[in-house]
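The sequence and structure come first.

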2 protein chains.
Amino acid sequence: MKNCYHSVIFKDMTEKEIETCLTELRATEKTYKKDEMILMAGDTTERFGLVLEGSVTIESNDIWGNRTILSHVGIMQFFAETYALLEDETLLVDVRANENCRILFFRIGSLKRLRSSNELWAMKFICNMLEISAHKNVVLSGRSFHISPRTIRERILSYLNTVSLQKHSTEFDIPFDRQQLADYLNVDRSALSNELSKLQREGVISCRKNHFELLSH
Amino acid sequence: MKNCYHSVIFKDMTEKEIETCLTELRATEKTYKKDEMILMAGDTTERFGLVLEGSVTIESNDIWGNRTILSHVGIMQFFAETYALLEDETLLVDVRANENCRILFFRIGSLKRLRSSNELWAMKFICNMLEISAHKNVVLSGRSFHISPRTIRERILSYLNTVSLQKHSTEFDIPFDRQQLADYLNVDRSALSNELSKLQREGVISCRKNHFELLSH
DNA sequence: ACAAGTATGTTGTAATTACAACAAAAGGAG
DNA sequence: CTCCTTTTGTTGTAATTACAACATACTTGT
């Protein structure tokens, strides 16, 4: 359990502060067997989990029987923190043990209880949560923005343009190979390759492997 | 400027606390003429804005000259708060005055400065920011999830399934008309109508206007 | 250098969608 | 009720994409 001290939710907190935090948030450990349900879509939760051992999957199961695996959560990563912060917000996904695992749960309770506490550990903790949430926000809105266009071409250009802005240059490397980029933009890999070829022939961009250059004129 | 006291970022704060907050965050008012640039993609910012008068647009302008309007921000709404929280995160969009407008800017500065303050106004303010951020998160991840499927049918079913989970029933009203639903799911309206008809003929769902029923059997 | 494996590019086809134009239905105002 | 407007459903066509199958280039290990 001590290893959780290095999680980002405890960033820049002293051991003493972390211990207070664990107590105040009534941190409790729990183990699950492979395939056991940890949190269920439709429920609400005041707890969020930190994976200490093993891993869990976030999945969506609709009433017609379709299952979609949305993500894996590994050691030192957490899940459901957004739902724990917002009471009344119903979970839209299931959380299931991907293998035998050990989870540390934190009870956030309502935000209201924390608001009236003006202790330093609480301040630090909330700030960490805010930073994590803001980061997630950037990632989500970026992706949402890139898959909004309906054509592959527009998605590519939208993505490349934002990377260019981030790197402050019209020439840069991207952190994806073709398959990963295709997955990120939600398109077929071969169709992506095809469109990249077209864009190059038309002189809109130039690329070799991960390296891209945007040709504006 | 006093009207800003009713913004959600100051929720449950006393007048005194709000005034401290305005001072500490060096709130300053600024006016912009129509079409004037307020924040530019590629920059970073430590300030976020609250619209006091008029409105602004969030838009994306790429180096090939394509402009996309992403959203309008009206009175008492704010913008760029995520970027203000995360120093070093470069803005990926432009913020431009949609009409003559008056903006109240807040300097968040780095989160680090706020962390060490254990005053109540700071705690309340951060909690409010966290709640806002978490909410945005839910909205963004919901939409991202619904437009991830590649077919119209899957997008519809994904959306209806989550509404069903939220309403705890297989029968419910949705808050969109056809055009709005089409926009939300990023598909063509007529194609959406078409697919809804098919789903009804196949006995998967039943719907009349805004009212939907999921037929699992 | 070679072989095996992986990543990327190319092409043709079937499926899906966007788009446009129109028809039908539902509201709203007078 | 009638006219007008808005919303929703239908259909055909052109465009785009996914998919599969294959070709080429690039890696890696031996």
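## Sheet in chain B

In chain B, three strands form an open sheet in the order 9-11-10, with antiparallel pairing. Strands are DSSP runs (E, at least two residues) and helices likewise (H or I, at least four), numbered from the N terminus; two strands pair if DSSP finds at least two bridges between them. Strand 9 (171–173) and strand 10 (205–208) of chain B are the edge strands, each pairing on one side only.

Three bridges join strand 9 of chain B to strand 11 (residues 211–214) of chain B in the antiparallel sense. Asp173(B) has His211(B), in strand 11 of chain B, as its bridge partner.

## Model and numbering

The model is predicted: local features need pLDDT of at least 70 and side-chain atom pairs count only at pLDDT 80 or more, while totals for chains, interfaces and linings use all residues. Residues are numbered from 1 along each chain as its sequence is written, and chains are lettered from A and ligands numbered from 1 in the order in which they are written.

## Relation of the copies

The same surface serves both copies, since 100% of the contact residues of chain B recur in chain A.

## Contact between the chains

Chain B and chain A each bring 50 residues to the contact (C-beta atoms, placed from the backbone, within 7 Å). Helix 4 of chain B gives the most to the side of chain B that touches chain A, with 19 residues.

Key. Contact = placed C-beta atoms within 7 Å.
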